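I opened a new notebook page for this protein. Below are my entries, in the order I looked things up.

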Amino acid sequence: YAIANDLKREKGALIYSPSGKQGLAIISGSPAEKAGLKINDIIISVENKEVNLDNPLSNLLSQHKKGDTVELGILRDGQEMKIKLNL
């Protein structure tokens, strides 16, 4: 994906839907939707810890509990941004 889309980043977790439909990749009413995450966003960090093969997104999120608010670093349309996610 990084090569096909000329991304400068090789790490992170891509929010992807083969159909391109938001509701299949991000469930309606979920914390991800409420935080404003979108298809093709790449989650690059959780609480400033890089998402990579040694730190997969699921492991980083599992370090927090329901009700916690975590800061995600994301890459959207080539721009890095921060989003607060309430688990």
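These entries go from the whole chain to single residues.

**Entry 1: the model and the fold**

I noted at the start that this is a predicted model. I then listed the elements. The protein chain has three helices and five strands. Read from the N terminus, their order is β-α-α-β-β-α-β-β.

**Entry 2: whole-chain values**

I looked up burial next. The chain has 87 residues, and 29% of them count as buried. Its accessible surface comes to about 5900 Å². Carbon and sulfur atoms hold 50% of that surface.

**Entry 3: D41**

Where does D41 lie? I found D41 in the loop between α2 (31-35) and β2 (42-46). Is D41 buried or exposed? D41 has a relative accessible area of 1%, and under 20% means buried, so D41 counts as buried.

I then listed what touches D41. I left aside neighbours within four places in sequence. The contacts of D41 are A13, L14, I15, G36, I74, L75 and R76. The D41 side chain reaches the backbone nitrogen of K38 at 2.8 Å.

**Entry 4: salt bridges**

How many salt bridges does the structure hold? I counted four salt bridges. Side chains of opposite charge can pair when their charged atoms come close.

- D41 and R76 meet through their side chains, at 2.7 Å from N to O. This pair links distant parts of the chain: D41 is in the loop between α2 and β2, and R76 is in strand β4 (residues 69-76), 35 residues apart. Both D41 and R76 are buried.
- K84 and E71 form a salt bridge at 3.8 Å, N to O. K84 lies in strand β5 (residues 79-86) and E71 in strand β4, so this pair ties together parts 13 residues apart in sequence. K84 has 54% relative accessibility and counts as exposed.
- D68 and K65 form a salt bridge at 3.9 Å, N to O. D68 is partly exposed, with a relative accessible area of 22%. K65 is exposed, at 58%.

**Entry 5: the largest pocket**

I turned to open space in the model. The largest pocket holds about 180 Å³ of space. It is lined by 14 residues. Which of them are closest to its centre? I noted A32, L37, I43, L57 and L61. Two helices, α2 and α3 (57-62), each supply at least two residues of the lining.

**Entry 6: two asparagines with positive phi**

N40 is not a glycine, yet its phi is positive, at about 80°. N40 lies in the loop between α2 and β2, where I had already placed D41. How accessible is N40? Its relative accessibility is 39%, so N40 counts as partly exposed.

N48 also has a positive phi, about 65°, and is not a glycine. I found N48 in the loop between β2 and β3 (49-50). Is N48 buried or exposed? N48 has a relative accessible area of 60%; the cut-off for exposed is over 50%, so N48 is exposed.

Conventions:
Residues numbered from 1 in each chain as written. Predicted model: local features only at pLDDT ≥ 70, side-chain atom pairs only at ≥ 80, totals over all residues. Heavy atoms only, no water. Helix = DSSP H or I, 4+ residues; strand = E, 2+ residues; numbered from the N terminus. Buried < 20%, exposed > 50% of the residue type's maximum accessible area, 1.4 Å probe, protein only. Areas by Shrake-Rupley, 256 points an atom, 1.4 Å probe, with all protein chains shown as cover. Polar contact = N/O pair within 3.5 Å; in protein donor to acceptor, adjacent residues only side chain to side chain. Contact = heavy atoms within 4.5 Å. 1 Å grid on protein atoms, 1.4 Å probe; cavity = no way out; pocket = protein on both sides within 12 Å on 5 of 7 lines; lining within 4 Å. Points joined across faces, edges and corners; volume = space filled by probe spheres on them.
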